[in-house]
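Morning, everyone. Please look at the model on the screen while I talk.

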Amino acid sequence: MTQKVAVLGTGKIGEALLSGMIRAGWAPGDLLVTARRPERAEELRARYGVTPVTNPEAAKTADTLILTVKPQDMTTLLDELAPHTPADRLVISGAAGITTSFIEERLAQGTPVVRVMTNTPALVDEAMSVISAGSHASGADLAHAEEIFGAVGKTLRVPETQQDACTALSGSGPAYFFYLVEAMTDAGILLGLPRDKAHDLIVQSAIGAATMLRDSGEHPVKLRENVTSPAGTTINAIRELENHGVRAALIAALEAARDRSRQLASGNNS
């Protein structure tokens with residue numbers, strides 16, 4: 001692994017990538033970082049042995065640029081990079097809603113761009129990263145992006161037209177589960193359990209259920225039916241969820257997240 005990789009705008013996700021790449025075998029000397037605050041850059045140097053640089057320096061010297069800034073900061077970053085980024089640089093964007101064409105139009109013609117939507121479980125090496133090629137990205141470019149993001153979890157290639165749906169389902173997905181755990185914890189307290197015990201019960205149930213979904217190969221309906229006995233506790237709970245429109249609310253929530261991703265792509269940051 002001799003290619004130099006630069007992570008630009010290194011926040012939590014960017015740091016998770018750095019950490020995962022080093023564990024996967026990248027040499028810290030081949031990893032460059034940029035950060036808005038100098039003290040943050042020095043913190044990363046001390047923690048990982050990586051090299052802090054400016055954004056223009058990263059564009060000039062790295063073979064791969066990973067853009068991890070917020071969507072509303074992407075235009076400013078691209079304006080800064082454009083004069084210094086040769087057309088043979090691989091540019092990987094992790095900004096929600098920002099299309100590969102948006103980036104291609106602002107960099108040298110022919111620049112290969114790959115769009116990736118990952119999520120916060122990258123912090124524990126359990127990310128789901130969805131990868132799409134821009135107009136000039138090759139199979140080798142996609143494979144390189146998979147190698148990088150595979151260091152912090154699972155990857156999946158999709159057409160870019162499906163990225164907004166993936167953002168709604170997977171990019172924002174962990175928040176839905178955290179929200180559900182929060183609500184179930186409150187329910188446990190209402191039912192008379194101490195908060196810490198309710199939390200432990202729900203978290204382990206979530207881990208077990210997710211593992212069964214991943215490893216059993218069974219449809220979720222089948223797994224749910226296995227827990228749902230006639231006239232039992234589970235079917236009464238499921239009835240209340242249906243009565244309160246939980247399934248419809250989830251569908252509407254994901255549609256809203258997808259629509260917001262589309263708005264971000266169109267430049268609507270308000």
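Axes here are lines fitted to C-alpha atoms, for helices over the stretch in contact, and angles run from 0 to 180 degrees between N-to-C directions. Helices (H or I, at least four residues) and strands (E, at least two) are DSSP runs, numbered from the N terminus. Contact means heavy atoms within 4.5 Å.

This is a predicted model: local features need pLDDT of at least 70, side-chain atom pairs count only at pLDDT 80 or more, and totals for chains, interfaces and linings use all residues. Residues are numbered from 1 along each chain as its sequence is written, and side-chain values use heavy atoms, with hydrogens and water left out.

First, the whole chain. Twelve helices and eight strands make up its secondary structure. The C-alpha trace spans about 70 × 40 × 35 Å along its principal axes.

Now a helix pair. At what angle do α1 and α2 pack? Helix α1 (residues 12–24) packs on helix α2 (residues 38–48) at about 20 degrees, and their axes are 12 Å apart. So α1 is roughly parallel to α2 (under 35 degrees; over 145 is roughly antiparallel, 65 to 115 roughly perpendicular, the rest oblique). From α1, the contact uses Lys-12, Glu-15, Leu-18, Ser-19 and Ile-22. From α2 come Arg-40, Leu-44, Arg-47 and Tyr-48.

Last, Asn-55. This residue sits in helix α3 (residues 55–61). Is Asn-55 buried or exposed? Asn-55 counts as buried, because its relative accessibility is 14% (buried is under 20% relative accessible area, exposed over 50%, partly exposed in between, with a 1.4 Å probe and protein chains only). Beyond neighbours within four places in sequence, Asn-55 contacts Leu-8, Thr-34, Leu-77, Glu-80 and Leu-81.
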